[in-house]
Amino acid sequence: MFELIAENLHFSEGPRWHQNKLWFSDFYHHAVFSVDENGTLEKIVDVPNQPSGLGWMPDGSMLIVSMLDRKVMKYKEGLLSVHADLSQITPYRCNDMVVDGNGNAYVGNFGSIYHAKNIRPTHLIFVSNNGDAKIIERNLDFPNGTVITPDGKKMVIGETYAGRLTSFDINSDGSLSNREIWAQMMPSSYYLLTKIVRALKIPVKEGRATPYPVPDGICLDDQNGIWVASPTTSEVIRYTQGGMVTQRIKTPDRAYACMLGGKTGRTLFISTAKTSDPEIASREKNGKIYSTEVEYSHAGRP
């Protein structure tokens, strides 16, 4: 079922299909890479403060989230520069991002400074194509993987710690409205329990606290289905609006991100690792990227 595309990675995130290759960030290699369907790996650019979400502007420039210094970087013609400094807007580590057809970016963050500790509801940041940044939505539980529909009018974002996909209408100025739950993955009662655990600052280990799927990286297909990488249950799951599960694919290790691409758009690439714990992932190289073929093809952004 699976084909191994890349291995000996620390922790791959933000996979994107672009120019007939899969592009991704490796947190602890501190670099962005690409890999073709033959497994040929190429380092694109070093990002010292830990890269995450990726996207492209209309002129071909690549935007890269720089997590630790809370910036969005721009890579163009071999040069890396600061596109937007978010450090005055958020104290939390930035993470995934989606870039729309106009080059505007929506950037999420962990809601914490540390890994899985002192987590708080947080905000989504809008970065215009000229680099101006502002908070655009609040009270999100770890806004993570995000997709935009092909018409550019709807956004769906994974709230990892709430175990749900949340949708918004995208207005002409890039602002968001009409917030709704698109799919509830974690039972609401269990979500309330996890909020109590976090409020009491009870330490938990990854995979033991949540026996239900939660969204990390996500991607959209041409039948309006959303594929969700769920690290808590080590699988990728296809949801339709309302929360119906149409397909589940168990993965060899925890699944942290996914992306549709390949020649037909029906190849599902899956980023996996043993754990996201920085102390382990930074010193070990057990991250891998697999691929498998699915029924529907890629749509929208990223």
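This note goes through strands, cores, cysteines and salt bridges in a predicted model.

1. Basis. Because the model is predicted, local features need pLDDT of at least 70 and side-chain atom pairs count only at pLDDT 80 or more, while totals for chains, interfaces and linings use all residues. Residues are numbered from 1 along each chain as its sequence is written, and side-chain values use heavy atoms, with hydrogens and water left out.

2. Strands here are DSSP runs of E, at least two residues long, numbered from the N terminus; two of them pair if DSSP finds at least two bridges between them.

3. A105 has V127 as its bridge partner in β12.

4. Burial of β11. Buried means under 20% relative accessible area, exposed over 50%, and partly exposed in between (1.4 Å probe, protein chains only). Five of the five residues of β11 are buried. In a regular strand the side chains alternate between the two faces of the sheet. Both faces are covered in β11: A105, V107 and N109 are on one side, Y106 and G108 on the other.

5. Cores. A nonpolar core is a set of buried Ala, Val, Leu, Ile, Met, Phe, Trp, Tyr and Cys residues joined through side-chain atoms within 4.5 Å. The largest has 24 residues, and V72, L86, M97, V107 and V127 have the most contacts inside it. Strands β7, β10, β11 and β12 each give it two or more residues, and β10 gives the most, with three. A second, separate core of 22 residues includes W227, C258, M259 and V294.

6. The open sheet. Four strands form an open sheet in the order β18-β19-β20-β21, with antiparallel pairing. Its edge strands, β18 (218–220) and β21 (244–250), each pair on one side only. Within the sheet, β19 (residues 226–230) and β20 (residues 235–240) are joined by five bridges, and I226 stands opposite Y239 in β20.

7. Cysteines. C219 is buried at 1% relative accessibility and C258 is buried at 2%. The whole structure has zero disulfides.

8. Salt bridges. A salt bridge is a side-chain nitrogen of Lys or Arg within 4 Å of a carboxyl oxygen of Asp or Glu; the count is twelve. D96 and R16 form one at 2.9 Å, N to O. D96 lies in β10 and R16 in β2 (residues 12–18), so the pair ties together parts that are 80 residues apart in sequence. D96 and R16 are both buried.

9. Two further pairs. D221 and R238 form a salt bridge, with the closest N and O atoms 2.6 Å apart, and both are buried. E159 and R179 form another, at 3.8 Å. E159 is buried at 0%, whereas R179 is partly exposed at 32%. A network of salt bridges links E137, E159, R164 and R179.

Technical notes: Disulfide = S-S within 2.5 Å.
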